[in-house]
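Please keep the sequence and the structure in view while reading.

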Amino acid sequence: MRGMPELPEVETVARELREGSAARGPSVLGRVIARVTVRWPRQIAAPAPRDVEARLRGQKVLAVGRRGKVIVFTLSRDVMLVHLRMSGDLTVVPGEAPPDKHAHTVFQFEDGSELRFSDTRKFGKVWVVADAAAVLGALGPEPLDDAFTPAVLAERLQGRHRLLKPLLLDQAFLAGVGNIYADEALHLAGLHPQRLSDTLTQREVRALWKALRLALNDGLRHNGASIDWQYRGGGYQEVLRAYGRAGRECQRPGCTGRIRRIVVGQRSTHFCPVCQLKRGPGVDWVEAAARRSRRARRED
Ligand SMILES: [Zn+2]
């Protein structure tokens, strides 16, 4: 399975950098950047890699947050944004720590410690900009914000005519949701990943809204999911209901289905063909009930 850190994983990394943790070292807050070593220039999206040290020198880390899947460092003058992508990780270590050959960008602080951006697969990105909107401006709403209400979700779903699964992955539609949490939310809501966004009833929209918040909050409570990227320490992979469970029994109480893996919009997608309905509830409930009945007769 290939995964990428999503909202709960990125939020956990940001929190650990802010507060300090066993996995990520002491808090990064208050440290002042003295030098920047760039060993993989393509990791620096902005400014030009050769200018990044001059731009960052003397800037203090004032806050660490998250927007979508991006870690946001508020500095004295600029904002530094880090996208971990497939395999990125950030740690704060003492200057004398053993070198890490995957730490392609290293931010050295005045106190001798360093923030290392380690990235075995080299898909991660760093931006240093005056205004975060230059990079984050196109992102959709944050699904855990108070402003993200069922009415907001309803309006956004109605305004598009797209399959639910790829739409939920679209960062301009909703920020922070990726393959794991989209599959989990659709399963919790009982919605087929190939339902069209503008065909949902009010009840279905509300179910999806609740399911998105539930899956993301559960993920946060477990410090995210540790699948196969470098992200460590999460526990949500232990309680997944759909993602990565192809062939296994559906865990919805009373459901007799098995999780199936299909490809939707080029992304692997896990769902239960019995309790996640494709068309309207009317037709599909009948079909699902008929399938259950046939299966029950076979087992008799
Ligand atoms: Zn099911």
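Helices (H or I, at least four residues) and strands (E, at least two) are DSSP runs, numbered from the N terminus. The model is predicted, so local features need pLDDT of at least 70 and side-chain atom pairs count only at pLDDT 80 or more, while totals for chains, interfaces and linings use all residues. Residues are numbered from 1 along each chain as its sequence is written, and side-chain values use heavy atoms, with hydrogens and water left out.

Pro 150, Leu 153 and Leu 157 are the buried residues of H4. Seen down the axis of H4, these buried residues fall within an arc of 60°, so they line one face of the helix. The arc is that of the directions from the helix axis to the C-beta atoms. Ala 151 and Glu 155, on the other side of H4, are exposed. Buried means under 20% relative accessible area, exposed over 50%, and partly exposed in between (1.4 Å probe, protein chains only). An α-helix has 3.6 residues a turn, so residues three or four places apart point the same way.

## The nonpolar cores

A nonpolar core is a set of buried Ala, Val, Leu, Ile, Met, Phe, Trp, Tyr and Cys residues joined through side-chain atoms within 4.5 Å. The largest one has 30 residues, and those with the most contacts inside it are Leu 153, Leu 157, Leu 168, Tyr 181, Leu 208 and Leu 212. Two or more residues are given to this core by each of the helices H4 (150-158), H5 (164-169), H6 (179-189) and H7 (202-221). H7 provides the largest share, seven residues. A second, separate core of 26 residues includes Leu 17, Phe 73, Val 92 and Phe 117. In soluble globular proteins, nonpolar side chains tend to be buried together.

## The zinc site

Which residues hold the zinc ion? Its protein donors are Cys 250 (SG), Cys 255 (SG), Cys 272 (SG) and Cys 275 (SG), lying 2.3 Å from it. Donors are N, O and S atoms within 2.8 Å of the metal (3.2 Å for Na, K and Ca); water is not among the atoms, so sites may look incomplete. Along the chain the donors follow the spacing C-x4-C-x16-C-x2-C. The four donor atoms subtend angles of 104 to 116° around the zinc ion, which makes the arrangement tetrahedral; four donors count as tetrahedral if all angles lie between 85 and 135 degrees. Cys 250 and Cys 255 are both buried.

Strand S3 (residues 61-67) and strand S4 (residues 70-75) pair in the antiparallel sense over six bridges. Two strands pair if DSSP finds at least two bridges between them. Ala 63 has Thr 74 in S4 as its bridge partner. S3 and S4 form a hairpin with two residues between them, and Gly 68 in the turn has a positive phi of about 60°.

Positive phi values also occur in two residues other than glycine.

| Residue | Phi | Relative accessibility |
|---|---|---|
| Arg 85 | near 45° | 27%, partly exposed |
| Asn 223 | near 60° | 26%, partly exposed |

Arg 85 is found in the loop between strand S5 (79-83) and strand S6 (88-93).

Technical notes
Tetrahedral: all angles 85-135°; square planar, octahedral: opposite > 155°, others 65-115°.
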